[in-house]
Amino acid sequence: MALERLLKGFADFRMGYYREHLDLFEKLASEGQSPEILIVGCSDARVDPTILTQTKPGDIFTVRNVGAMVPPAQFPADERHHGTSAAIEFAVRGLHVKHIVVLGHALCGGIAALMDGSGGAYGHYDYLATWTSIAQEVRNLVVREFKGRPRAEIARALEQAAVVNSVRNLLTFRWVALEVAAGTLSLHAWWFNLVEGQLYAFNPETTAFEPVLGVKLGGAITQQAALSGIKPDQFVAALARRKPAF
Ligand SMILES: [Zn+2]
């Protein structure tokens with residue numbers, strides 16, 4: 001049943017979207033792709049970056065993984081299989097993207113797994129804990145700072161802190177750091193709340209995630225260069241001091 005739906009969907013795409021955008025597909029085939037944006041998103045089936053941003057083929061280069069995480073650079077590179085790092089490298093060194101957006105989201109299962117650790121429902125899985133341990137230090141910080149608070153509040157704090165942590169990790173790749181320093185690449189920390197359908201961007205000036213709609217295109221979106229100066233522990237401390245949003 002599920003696969004039949006995919007084939008029906010593809011038939012609809014071929015007769016509809018593909019035909020309507022034939023010029024675009026021909027251009028992309030002959031000239032190649034030249035997206036200006038890389039989105040690091042979560043594998044979660046509910047948060048597709050192209051649907052959220054209503055973008056067309058060729059607009060964004062995407063890598064999705066559990067928890068929308070960026071691992072720190074391995075330098076010198078080792079022989080292991082660094083899928084997310086390879087995608088980031090190609091986007092930056094090959095495609096010369098101008099922006100990298102790390103897009104976390106509400107109700108993230110990967111972040112919940114990180115929060116629960118080895119005692120949680122996924123604690124016995126082969127790869128999950130090792131992968132999400134990218135944000136282990138941040139997790140420990142959040143759990144300490146938010147001790148006694150409701151689980152949903154802790155989860156939200158960790159979801160957002162993990163995004164900030166991933167942006168920090170982006171800067172450990174030397175070619176990312178060089179481009180950011182040169183002003184040719186900017187980094188963005190976003191968090192999507194699928195419960196209310198709102199997108200939030202981290203504003204380094206206020207140390208907070210702010211809704212992007214109804215906000216002038218400034219602050220949260222354009223001040224991202226300053227993001228380099230924000231450390232996850234500062235963000236977590238600031239978040240813990242604030243009144244809970246719910
Ligand atoms: Zn997720």
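Which residue of β5 is the bridge partner of Trp 190? Keep that in mind while loading the structure, which is a predicted model.

**Stop 1: the two domains**

Colour the chain by its domain assignment: domain 1 covers 1-32 and domain 2 covers 34-241. Taken over C-alpha atoms, the centres of domain 1 and domain 2 are separated by 30 Å. At the boundary, five residues of domain 1 are in contact with four residues of domain 2. On the domain 1 side, the touching residues divide into three nonpolar, two polar and no charged.

**Stop 2: the sheet**

Next, show the strands. Six of them make an open sheet in the order β2-β1-β3-β4-β5-β6, and the pairing is mixed. At the edges are β2 (60-65) and β6 (208-211), each of which pairs on one side only. On average, neighbouring strands of this sheet are turned by 30° against each other, direction ignored.

**Stop 3**

Select residues 186-193 for β4 and 198-203 for β5; the two strands run antiparallel and are joined by four bridges. Here the opening question is settled: the bridge partner of Trp 190 is Ala 201 in β5. Another bridge to display pairs Phe 192 with Leu 199 of β5. Now follow the chain through the turn. The hairpin of β4 and β5 has four residues between the strands, and Gly 197 takes a positive phi near 70°.

Move on to β5 and β6, which pair over four bridges in the antiparallel sense. Show the side chains of Phe 202 and Phe 209: Phe 202 stands opposite Phe 209, which belongs to β6. These two strands also form a hairpin with four residues between them, and in its turn Thr 207 has a positive phi of about 55°.

**Stop 4: helices on the sheet**

**Stop 5: α6 against α9**

Keep α9 and select helix α6, residues 109-116. The axes of α6 and α9 are 10 Å apart, and the helices pack at an angle of about 110°. That angle makes α6 roughly perpendicular to α9. To see the contact, show Ile 111, Ala 112, Leu 114 and Met 115 of α6 together with Ile 154, Ala 155, Leu 158, Glu 159 and Ala 162 of α9. By class, the contact of α6 with α9 has eight nonpolar, no polar and one charged residues.

**Stop 6: α12 against α9**

Finish with helix α12, residues 232-241. How do the axes of α9 and α12 cross, and within what distance do they come? They cross at roughly 155° and come within 9 Å. The two helices are therefore roughly antiparallel to each other, and α9 passes α12 in a right-handed crossing. On the α9 side, select Ala 157, Ala 161, Val 164, Asn 165 and Arg 168; these meet Pro 232, Phe 235, Val 236 and Leu 239 in α12. The residues of this contact of α9 with α12 divide into seven nonpolar, one polar and one charged.

Methods
Residues numbered from 1 in each chain as written. Predicted model: local features only at pLDDT ≥ 70, side-chain atom pairs only at ≥ 80, totals over all residues. Pairing = 2+ DSSP bridges. Axes fitted to C-alpha atoms, helices over the stretch in contact; angles between N-to-C directions. Parallel < 35°, antiparallel > 145°, perpendicular 65-115°, else oblique. Contact = placed C-beta atoms within 7 Å. Nonpolar A, V, L, I, M, F, W, Y, C, P; charged D, E, K, R; others polar. Left-handed = near helix turned anticlockwise from the far one by under 90°. Domains from an automatic or database assignment.
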